[in-house]
Amino acid sequence: MKKTVSRRAFLKGGLAGTVAATTLLNSKSSEAAGSFEGYPEGMGVLVDLTRCVGCRSCEAACNLEQGLPEPAKPFDDYSVFDEIKHGEKRRTDETRYTVVNSYDVPGMEHPLFRKVQCNHCQEPACLTSCFVNAYTKTPEGAVIYNSKVCVGCRTCMVACPFYIPTFKYSSAFDPKIMKCIFCYDTRLKDGLPPACVEACPQEALTFGKRSDMIEAGRQRIKMNPDKYVDHIYGEHEVGGTAWMYLSSAPFDKVGFDTHVPKEPILNSVKDFLSIVPMVLTIWPGLFVGFHLLATRKDAAKKIEEEKKEVKS
Amino acid sequence: MKIFSKQRPEIPIADHVRPDGTAWSLKEKLFLGLTPGEYMQQFFRNPVNWLMIAVFAVGVPLLLQRYIYGLGAVTHGSNDYPWGLFLGFGLFGMVPLSASGFMLGTTVELFGRKDFKPIERLALLNGLLGYFFAVLFLEVDLGMPWRLPYPMFVSLGPAAVLFLVAWHVATYLSVQVAEVLPAFFEWIGWLKGKRAIRKYVLALTVAGIILSTLHQGALGALFTYAPSKLHPLWLSVNFQWIHFFCSSIFAGLSMVIVASTLINRFASWRCDDNFKNNLDYITIGLGKGCSYALITYLVIKIVAVAHDQEWAYLLTGWGSYFILEMVLAVIIPMFLFAIGCRNKQVGMIRFAALLAVLGIVWNRLNTALFCFNWQIYQEVPHWKEVWITFTIFALYFLTYRFIVYRLPIVYTWKGEK
């Protein structure tokens, strides 16, 4: 008999654990599920590749605003456009939150320039993959990061489809994620445009409400259908981004990944997240059941013995 | 040890008292009943220990370098490949190899297959150490290793897959400590503790199944965060978690076969007759389990290719690499296990287990490293990163051996139980 009691006690404990786990999970899934379309007042930037001349003023402005180290080559050195590492053009790292790269497009007289920085997704993969909640999407539209709670696991870097977050690998005692924060602390939260936008002499970068930027982009495509590819990159990519692009060349010819999903990265993780409460609730009963079945002969023997004892 | 154990009947220690009735002290138990001088003598006679010394002589300074100058000093510090060997091998590779604990726990305690009892403790220990060292690898890789408890207590992000991994690995590690403690309690002679744990064995076992299903799966699900980075043949958004879970079954069982083979061969003085005489029979049983798990795994891998319509990828170079992995790491071990079980050829099963262990590590490295970022360049780890990985693995080996030599893992304690 003793065993049955302990089994019952175990089941009770298991039930309590399951209830606790499901409540925990419910609170999380209500946050994760649904389709968040972004804050209505969120700001955005429209980058027009046809207007950019590759002057790198935005890079210089970012460097100054964010207090980043002085680069090896000055910002008016255009030989950086020829830099190739691992077969790839320049990318963001712990010393630069934005870079401009040059692309020679067949059939075009001039190269096209593309500015890279955090796109500030509506439903950011870095944020949803972070297990210490180090990322925040602010109502103003910026994706910001709190280095105080970061553990340095770098899952956000794996999850970001644009390869944006970078890690300060050079530090053992104060490493952190380094990425563009839309100049949130110094400008965006006061309603000001980020430093790079302000520095652009060509008006290649337009700052405004994200919804207005989509309108502006459509307008430009409509006015010059021969000039632009009929697509705003970032309107739907990975569920929409605050920074969006217009281009006169196909997007995959100017360094964009056109294979990224058209829905938030989180959606591909939901299959797994949804089995978690099921395993937590079904497994205990199922496997205790298996145990009872597998040991039924022993149990039957015990009952027989007990019956004999009662008789005698 | 082999030489000493032949000369003296009282060692290896398997009881609280000597044959003459005097008790062994804890120090003597630690030194395996040898004097410190004799212990050193046998330690330096073993060529494996010299290899370990060589690994540590370079590895320890490299580890210091990592903790003083940062990860960038010992790895390429890549922003494109945030996860390297420490996680690719240490976490994603070690965790499936450690599924043995919950597999044998389930077999013996839950399904009541007492015939597998002689290997249960080895499987539990293999699981515990694998997880413990996966966490150690994580501590090498994390940017801020001192913040390990943050996801638990300081700042919670419960919607993230890694949150599940962290919680489940932490709780499962405690479950496994509880499962291995009885062996320790026998060895130090504290039977109260053993009896206390005995009551909760079924609860611990079921907890082990739940936690293992979820975190083995969660390790796979981590890669669903990178649907545009990982090669489609190695990523199935819908089935990734079950691929990882299913492959951990044969990985864990194969690892026990490999470990028990090595122990039986190189530390036979420590094994008792109960272990030695049953090992072949048990190996065949485990091999049978492996071949079932492998055929299931093969089928669900093919289902994933069909489900995502990825047949065309099979004709590319990446496709050939994928087929190579399937043949060497899945199909060949699967047949070797099946033939070995059918003809009772234990040697063949052991070879198949070795293939399966290497195969699963290869699969995890492919997923985390080689087939990641397949559209850009391939990362080759820095030699220092490789060496540190070997160093931590050597530490794992030494700890494993230290415990097997002492605690009643592959032998039955003769004193009170």
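The rule finds two salt bridges across the interface of chain A and chain B, a salt bridge being a side-chain nitrogen of Lys or Arg within 4 Å of a carboxyl oxygen of Asp or Glu. This is a predicted model, where local features need pLDDT of at least 70 and side-chain atom pairs count only at pLDDT 80 or more, while totals for chains, interfaces and linings use all residues. Residues are numbered from 1 along each chain as its sequence is written, chains are lettered from A in the order in which they are written, and side-chain values use heavy atoms, with hydrogens and water left out.

**The interface**

- Contact here means heavy atoms within 4.5 Å, and 62 residues of chain A are in contact with 62 of chain B.
- Together the two chains bury about 5,600 Å², 67% of it on carbon and sulfur atoms; that is the accessible area (1.4 Å probe) lost on putting the two parts together, summed over both.
- On the chain A side, Phe131(A), Val158(A) and Tyr169(A) lose the most area to chain B, together 14% of what that side buries.
- Arg91(A) and Asp80(B) pair up through their side chains in a salt bridge, at 2.4 Å from N to O.
- H7(A) supplies the largest share of the side of chain A that touches chain B, with 14 residues (helices are DSSP runs of H or I, at least four residues, and strands are runs of E, at least two, numbered from the N terminus).

**The annotated span**

- An unreviewed UniProt entry lists residues 272-294 of chain A as "transmembrane region"; such annotations may be inferred rather than shown by experiment.
- In the model that span is 100% helix and 0% strand, with its end C-alpha atoms 30 Å apart.

**Two buried loop residues**

- Thr92(A) sits in the loop between helix H2 (57-65) and strand E2 (99-103), and is buried at 4% relative accessible area (buried is under 20%, exposed over 50%, partly exposed in between; 1.4 Å probe, protein chains only).
- The side chain of Thr92(A) reaches the backbone oxygen of Ile164(A) at 3.5 Å.
- Beyond four places in sequence, the contacts of Thr92(A) include Tyr163(A), Val116(A) and, from chain B, Asn79(B).
- Arg56(A), in the loop between strand E1 (43-48) and H2, is buried at 3% relative accessibility.
- A polar atom of the Arg56(A) side chain lies 3.3 Å from the backbone oxygen of Pro74(A).

How values were computed. A polar contact is a pair of N or O atoms within 3.5 Å; within protein, one must be able to donate a hydrogen and the other to accept it, and residues adjacent in sequence count only if both atoms are side-chain atoms.
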